[in-house]
Amino acid sequence: MLRRKIDSEHLSERLIEAAETMLVETQGRRLVLSELAARVGISQSYAHRFFPTKADLVRALAARWFAHVEAGSAEAVGSDLPAAERLELWVLTILRIKRRRYDENPALFDAYLDLAADHMDLVGEHTDRLSADLRSILSELVAPERLDAVLVAVEDATLLFRTPLNISRYRRRATDERATAVVRMIVGHLDSVSASSA
C-alpha cells in the first residue's frame with residue numbers, strides 16, 4: 001500500500017514536470033493530457049486518475065508555482081521584526097523568489113506567464129492571499145481608516161518587484177537595492193504622515 005502511494009506521488013510529479021516541459025516547448029499555449037501521459041509512459045486513462053481534467057492539471061501547476069511565494073510571504077508576515085522591516089522583508093522575499101525563478105529558466109517563467117493569462121481566476125486567488133499578508137503588515141503601520149488606501153498605494157509602488165511580467169520585462173531594474181529604496185521611501189512617508197497627524 002505504501003509502495004503504491006509513493007509510486008502515485010512519483011507519477012503525479014512526473015506528469016507535472018512533463019507539463020512544464022510542454023509549456024516551454026509551446027510557449028505556454030498547449031497542454032494535452034494524452035501527450036503528457038505518453039511522455040511519462042502511462043495510459044491516458046491512468047493519467048486522468050491524477051488529473052481528471054485539464055483544469056485540474058492547470059490548478060496543480062499553479063499551486064506548485066504559487067506555493068513557495070506564498071510560504072515566503074507568510075514567513076515574512078510571521079517574523080519577529082518590527083512592521084517596517086517586515087514590509088521590506090516581504091517585498092524582498094517575493095522579489096528574490098520570482099527573480100531566481102526567472103534567472104534559472106526564463107523560458108519556463110514566460111510560459112507560466114502565458115498560461116496565467118488564460119487562468120486569471122487562479123492568479124486572482126494567489127494575489128488575494130498575498131494582499132492579505134501585506135494588509136496584515138500595514139495594519140501595524142497605519143490607522144485603520146487609512147489602511148485600504150495605503151494598501152493600494154504600496155501595491156502600486158512595488159509592482160516592479162512583485163509582478164512576474166515586470167520582473168521578466170525589466171529584469172535589470174528588479175534589484176534588491178531599488179526595492180529597498182522604494183520600501184524605505186514608503187515607510188518614511190508613512191512615518192511623516194503619522195507624525196504630522198499626531
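Does glutamate 20 count as buried or exposed, and at what relative accessibility? At 12% relative accessibility, glutamate 20 counts as buried, because the cut-off for buried is under 20% relative accessible area, with exposed over 50% and partly exposed in between (1.4 Å probe, protein chains only).

Some ground rules. This is a predicted model, where local features need pLDDT of at least 70 and side-chain atom pairs count only at pLDDT 80 or more, while totals for chains, interfaces and linings use all residues. Residues are numbered from 1 along each chain as its sequence is written, and side-chain values use heavy atoms, with hydrogens and water left out.

Now the overall fold. The protein has 11 helices and zero strands. Both are DSSP runs, numbered from the N terminus: helices are H or I with at least four residues, strands are E with at least two. The C-alpha trace spans about 70 × 40 × 25 Å along its principal axes. Of the 198 residues, 41% count as buried. Take contacts between residues at least 6 apart in sequence: 67% of them join residues at least 24 apart. Contact here means heavy atoms within 4.5 Å.

Back to glutamate 20. This residue is found in helix H1, residues 2-25. What does glutamate 20 contact, leaving aside its neighbours within four places in sequence? Leu61, Arg64, Leu108 and Tyr112. With leucine 61, the C-alpha to C-alpha separation is 8.2 Å, across 41 residues of sequence. With tyrosine 112, there is a side-chain to side-chain polar contact at 2.8 Å. A polar contact is a pair of N or O atoms within 3.5 Å; within protein, one must be able to donate a hydrogen and the other to accept it, and residues adjacent in sequence count only if both atoms are side-chain atoms.

Leaving aside neighbours within four places in sequence, valine 58 is in contact with Leu31, Leu115, His119 and Leu122. The C-alpha atoms of valine 58 and glutamate 20 are separated by 10 Å, at 38 residues apart along the chain. Alanine 71 also lies in H4. At 43% relative accessibility, alanine 71 counts as partly exposed.

On to helix H8, residues 147-157. The buried residues there are Leu147, Val150, Leu151 and Val154. They sit on the same side of H8, because they cover an arc of only 105° around the axis. That arc is taken over the directions from the helix axis to the C-beta atoms.

Last, the largest pocket. About 540 Å³ of space lies in it. A pocket is an open set of points on a 1 Å grid over the protein atoms alone, where a 1.4 Å probe fits, with protein on both sides within 12 Å along at least five of seven lines; lining residues have an atom within 4 Å of a point. The volume is the space filled by probe spheres set on the points. The lining has 27 residues, and Phe66, Ala116, Val123, His126 and Pro164 lie nearest the centre. Helices H4 (54-77), H5 (83-104), H6 (106-117), H7 (120-138) and H10 (164-169) each give two or more residues to the lining. Which helix gives the most? H7, with eight residues. By class, the lining has 19 nonpolar, five polar and three charged residues.

Key:
Nonpolar A, V, L, I, M, F, W, Y, C, P; charged D, E, K, R; others polar.
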